[in-house]
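Here are my notes for you, written as numbered points. Keep the model open while you read and find each residue as it comes up.

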Amino acid sequence: MAEFEDAGELTVAVVGLGSRGLSIFDFLVRMARELDMRRLRIDIIDPDGGGAGLHATDQPDYFLLNTTCAQVSMFPDRRTLADYPDVTGPSLYEWAVKRDLRLAEDGCSVGDTGRALRPTDFLPRRLLGEYLEWFRRDIESRLPENVRVRIHRAMVTDFVTGDVCRLHLSDGSELCADYAFLTTGHAIPTEAGSPLSGRAPRLIVSPFPMQQWLSAIGSDETVAIAGFGLTAIDALSTLTRGRGGQFSVSDGQLRYEPGGEEPRLVLYSRSGAPFRARPRVCSFDRIHRPVAFTPQRIDALRESRGTFRLDFERDVLPLVYREMRVAYRQCQAELGDQPDVVALTRRLKSGDIDAVLSQLDEEQGRFDPAVALDTGAGMRMANATDYRDWLAGALRRDLDEAAAGIANSPLKAALDVLRQLRDTFRHAVDFGGMTDASLDDFYGRMVPVLNRAVVGPQYERHQELLALLDAGIVRAPLGPAPDVAWDDGEERWVLTSTRLNEVTSLTADWLCLGTIPHTTVTGPDASELAASMRRRGSLRPFKLGSKSVSGAEIDRNHHPVGADGSACKRVWVLGPLCEGAIFYNHLVPSPNTWSRPIADAHRCVADLQRQISRAESASAGPVRRASAAASRRNTHVDPQEASNET
């Protein structure tokens, strides 16, 4: 878009245009419509500029979201902002249905043939990318006359703060802005920095974009994939479905029919324990109302300890376990295995929760939440076969629970507490709510445990993994934490078990780290933007020297904190870049519930609005005031009064 000069023009830069950047863009346009203000120029800096972010629209349909389509919406609603939404719109599900999209028999391909979509379907990620791009165009269609938008398809290589923000871009250009929002998302390697370079030959540090980096692996080669989570499962899909393989049902069992171009696949992880599959969702009606793990209990603990900083394992984890036990018993009651759920809930709310739960343990058998969280419980490690059989059995047992779903599996209902009450975790952890040692332990040990429990692959993906193991396409013979080394002489990777009683060793041509790198502000993995800001003293790590907490420090209004301890009020940081200062920044917005991404974006733009109003009041020019309606709309809903978050 054309450059224009206007001395009275307010300029705002938005760095990154995934879902977080789009929400900022949306609220900036809404703000401009509600304020009688001078011209506003929005500079958006993003390598693609379309709005899809990581959800590229050209990726295969077998890359699925692990959030159901009815639980994704970019439009704010009154569950998050009390009486805000003057502009509403469709969720991902509603948007797809309006286009008469349908799901094919393979369970992942979406097009014009197949069955009707359901709100509980896990749709291809490329559809979310298309939805996000549509949302960007919807925002642009609402631009008032006083707003201009420029999209710069580049990356920020240097960022200087002062009286204005100066941004140097990878295309050689430079721009200035009065204010800036940094929503850069995950640090994923690009074509400019191949993940094969730097550490060792034939090492794929991050497989995204998968079709590009994994295409180098030949069908006569062996690749070892590190991890059991979503990224590792995506890599398996790319090297099986993406190589012409097909899944079909025979005698009631899912079978894999090789395409002939698959490499030999080895799967392993540090823990050796699988993720739990996402439970099948039949409806969104089941909402757990907490009685033990609540913000009020956290506040009471802080008051009794006489300190804001708690110890997670000593202070918070017992509350989490108690709430899991409550959810387990309530689900049992709903299924008729216990007395009436209303009577049970009344007993839990009115009496001593521990006494009631202990009595139920005696009557019904003990439920141990610590065992439920340990997906490696009972791991057998006599030899490679023993471990492999244990792994397949653990996957099958969990699939039985996942097939029952949250409403019919007390175990899955108990685990879902960890997802539904994420905002209570945030209330405990955010902004230094834990001691330094406890925060390191939380992110280094506890967060992986929580992720394995509730952020696993879709039910169907683990069915496919079992079929691949049965077909011999995938092997998992190494057990936990194998030793991995590059052999210069053989020019191959050597992987050797460290926990199996009978040592197993194998070689691989390629090593693929099936994980997304942590977004960091230190070290060689930091983005140019983060490295620039830290070098200039305008950004510092939330916890210097930590191996588990790698994000930037921000204040409670999301302003970055610099080396001198002061916050830059002209800049806001949202998303994975500030992971550690605040917990779990990896979500897309959700409808019909309190949505943290929407609330964060609105709070930051409302802060900008207040700064504009103060600056205008102090200047010689006319004062622009928000309308009464806009002022009312700066009201947030209490997240604890809202329903579960995806």
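1. Start with Asp 368, which is partly exposed, with a relative accessible area of 23%. (Buried means under 20% relative accessible area, exposed means over 50%, and partly exposed is in between, using a 1.4 Å probe and protein chains only.) Asp 368 makes a salt bridge with Arg 366, and their closest N and O atoms are 3.2 Å apart. Arg 366 counts as exposed, at 66% relative accessibility.

2. Before you go on, a word on what you're looking at: this is a predicted model, where local features need pLDDT of at least 70 and side-chain atom pairs count only at pLDDT 80 or more, while totals for chains, interfaces and linings use all residues. Residues are numbered from 1 along each chain as its sequence is written, and side-chain values use heavy atoms, with hydrogens and water left out.

3. How many salt bridges does a search of the whole structure find? It finds 45. To count, a side-chain nitrogen of Lys or Arg has to be within 4 Å of a carboxyl oxygen of Asp or Glu.

4. Now go to helix α17, residues 596-618, where Asp 600 and Arg 596 sit four residues apart, about one turn of the helix. (Helices are DSSP runs of H or I with at least four residues, strands are runs of E with at least two, and both are numbered from the N terminus.) Asp 600 and Arg 596 form a salt bridge, with the closest N and O atoms 3.1 Å apart. Both of these residues are buried.

5. Helix α17 also holds Arg 610 and Asp 607, three residues apart. Their salt bridge has its closest N and O atoms 3.7 Å apart. Elsewhere on the salt-bridge list, shared partners join Glu 9, Arg 39, Arg 41, Asp 43 and Arg 150 into one network.

6. Next, the open sheet: five strands in the order β6-β2-β1-β10-β21, with parallel pairing. (Two strands pair if DSSP finds at least two bridges between them.) Why are β6 (147-152) and β21 (571-573) the edges? Each has a single partner strand, so one side of each is left without a neighbour in the sheet.

7. Zoom in on β1 (residues 10-15) and β10 (residues 179-182), parallel strands joined by four bridges. If you pick Ala 13, its bridge partner in β10 is Ala 180.

Notes
Pairing = 2+ DSSP bridges.
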